[in-house]
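The following exercises are to be worked with the sequence and the coordinates side by side.

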Amino acid sequence: MVRVLAVSPHLDDAVVSYGARLHRLARSGAEVVVLTVFAGVPSPPYSEAAQRYHDVWGVTGNPVPQRVQEDIAALRALDLTPRHADFLDALYRRLPDGGWLVADPTRSVSRQALEVEEPDLMASLKVWISDFAADYRPDVVFTCAAIGRHVDHWRARDATVGALVSTGIELRLWEDLPYGGRASEMPPLPAGVSLTERVVEQVGPIDRDAKFAAVQHYVSQLDLLARDGASLRERLSRHARTRSRTAYNEATWGLTSAEATG
């Protein structure tokens with residue numbers, strides 16, 4: 001049996017960005033595990049910025065347990081196996097001096113968080129992902145490309161690449177959605193690693209519709225992911241039509257390293 005590992009930054013990213021293809025892999029007989037990295041349960045108090053997001057999500061108290069249950073329901077609907085690490089979302093992380101990594105509710109998460117480095121977090125992430133992969137032994141690993149430059153996407157991508165690039169396991173980066181519908185900027189990859197050509201993968205109605213149905217389980221996120229009067233489904237469909245007028249599709253890039261080509 002083919003084993004597939006998808007390393008998702010947040011509780012929804014794998015499904016929103018690459019859920020149709022992951023469902024297709026599962027239907028073809030692969031075992032597909034989705035490991036969500038930043039799924040740790042924070043302790044109050046919460047920052048003003050975090051509370052602003054809680055209000056948008058329409059949740060009271062600690063939102064992460066509810067979001068985890070949404071994620072489990074969405075992944076199981078696609079025949080994917082959920083696994084959750086306990087690293088905290090950027091909204092809940094603190095700086096060494098005790099201040100919030102994301103403190104200003106009027107500025108984007110990444111514009112604040114990317115102003116600092118988190119070497120201890122990155123070291124822990126690499127070890128965790130490496131250990132998980134050693135136990136699970138995947139044949140291929142997917143993670144995000146970090147389009148849109150969200151700090152958690154960048155951290156998850158670089159930790160996954162750093163942990164696994166030298167193992168010989170095939171690594172592929174999915175196009176982050178819905179960011180990819182309005183942005184194309186990808187942060188620099190780790191040194192010695194480069195992208196191969198983008199592959200646009202068409203999917204049939206069964207997998208497309210399964211993805212859109214699964215997305216509806218993320219009740220707390222739907223208003224946030226809608227934009228300009230368009231639902232998330234409409235945004236994703238519109239973006240797919242820029243590449244194909246007839247078939248829904250998702251995109252990935254491969255990776256090559258200096259070690260592999262040297």
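Predicted model: local features only at pLDDT ≥ 70, side-chain atom pairs only at ≥ 80, totals over all residues.

Residues are numbered from 1 along each chain as its sequence is written, and side-chain values use heavy atoms, with hydrogens and water left out.

**Exercise 1. Locate His10, classify its burial and list its contacts.**

Step 1. His10 sits in the loop between strand S1 (3-8) and helix H1 (13-27); helices (H or I, at least four residues) and strands (E, at least two) are DSSP runs, numbered from the N terminus.

Step 2. His10 counts as buried because its relative accessibility is 8%. Buried means under 20% relative accessible area, exposed over 50%, and partly exposed in between (1.4 Å probe, protein chains only).

Step 3. Not counting residues up to four places away in sequence, His10 touches Thr36, Phe38, Asp89, His150, Asp152 and His153, where contact means heavy atoms within 4.5 Å.

**Exercise 2. Find the cis peptide bonds that join Pro44 to Pro45 and Leu177 to Pro178, and place each second residue.**

Step 1. Between Pro44 and Pro45 the bond is cis, with omega about 10 degrees. Pro45 belongs to the loop between strand S2 (31-36) and helix H2 (48-57).

Step 2. The cis bond between Leu177 and Pro178 has an omega of about 5 degrees. Pro178 belongs to the loop between strand S5 (170-174) and S6.

**Exercise 3. Are Arg149 and Asp228, two non-glycine residues with positive phi, buried, partly exposed or exposed?**

Step 1. Arg149, with phi of about 60 degrees, lies in the loop between strand S4 (140-144) and helix H6 (151-164). Its relative accessibility is 26%, so Arg149 counts as partly exposed.

Step 2. Asp228, with phi of about 55 degrees, lies in the loop between H8 and H9. Its relative accessible area is 75%, so Asp228 is exposed.

**Exercise 4. Describe the largest nonpolar core and the contacts of Phe142.**

Step 1. A nonpolar core is a set of buried Ala, Val, Leu, Ile, Met, Phe, Trp, Tyr and Cys residues joined through side-chain atoms within 4.5 Å. The largest one has 33 residues, of which Val4, Val15, Leu22, Val32, Leu80 and Phe142 touch the most other members.

Step 2. S1, H1, S2, H3, S4, H7 and H9 each give two or more residues to this core, and H1 supplies the largest share, 8 residues.

Step 3. Beyond four places in sequence, the contacts of Phe142 include Val4, Leu22, Arg172, Trp174 and Thr252.
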